[in-house]
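This short report looks at disulfides. Please have the sequence and the model at hand.

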Amino acid sequence: MPSPTRRDALHAAAALLAGAAGCAGESSSSSSYPADPSGSLAFDPESHRLRNPEPTPAVWTGERPTRIDEERHLHANGHFFLTDSSSVDGVGFADVDGADAAREFLESTDYDSTTVYVEQSFIRECYTTTLCHVQWSATEIETSYARAYRDADVACDADARDTIATLIRIPEAFDPSEVNGYGRSTGSASCERRNNHARTERASQ
């Protein structure tokens, strides 16, 4: 278990970085495409999160993937859509806490009015994320997350990485076959702040 001084040092470093960043407080990551401003936007959508302490997808379709060490390979193997209940049968889960609840989440989704987007990314072991909002159109999808430290009583290695999978219920049934633009932003600002920023941007367009 890391010593308290190690965790304290991490918090102190984060505070210094946040101060240097000013109001932004953001360290965006892997935003490949901006979301289509004419698309739809959902705040605090229903979601379920899984955490895998290994650098492999926590959720997959088809054949189980092997170890993945690069974010681009995780994207290629760990992002997918589910559009009907029959497709849930082909979804596999790593042996991690919450896997049964995640399957129940997928099985209980009303696919007549909902599309599920599964997104996975690496995260430092001492951090966690909260999904703030999702934006989507016929060709693009982008998510926004608030990042924070995990509870102080959680043992972690500051240099180790986990895989986080987020199963997101998009409140629209649509055909994702034309989606070819993917974006994801993560930062230290709260979901309230990130969502307010998204509302302001939408209102100004």
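## A buried cysteine

Cys-191 counts as buried because its relative accessibility is 14%. Buried means under 20% relative accessible area, exposed over 50%, and partly exposed in between, with a 1.4 Å probe and protein chains only.

## About the model

This is a predicted model, in which local features need pLDDT of at least 70, side-chain atom pairs count only at pLDDT 80 or more, and totals for chains, interfaces and linings use all residues. Residues are numbered from 1 along each chain as its sequence is written, and side-chain values use heavy atoms, with hydrogens and water left out.

## The link of Cys-132 and Cys-191

Cys-191 forms a disulfide with Cys-132. A disulfide here is a pair of cysteine sulfur atoms within 2.5 Å. In this pair the sulfur atoms are 2.1 Å apart. The link is left-handed, with -85° about the S-S bond.

The pair joins distant parts of the chain, 59 residues apart: Cys-132 is in strand E7, and Cys-191 is in helix H4 (residues 191-203). Helices (H or I, at least four residues) and strands (E, at least two) are DSSP runs, numbered from the N terminus. Cys-132 has 0% relative accessibility, so Cys-132 counts as buried.

## The link of Cys-126 and Cys-156

Cys-126 and Cys-156 also form a disulfide, with sulfur atoms 2.1 Å apart. This link is right-handed, at 95° about the S-S bond. Cys-126 sits in the loop between strands E6 (115-124) and E7 (127-136), and Cys-156 in the loop between strands E8 (140-149) and E9 (161-170), so the pair ties together parts 30 residues apart in sequence. Both cysteines are buried.

## The overall pattern

The whole structure holds 2 disulfides. Counting bonded cysteines along the chain, the pattern is 1-3, 2-4.
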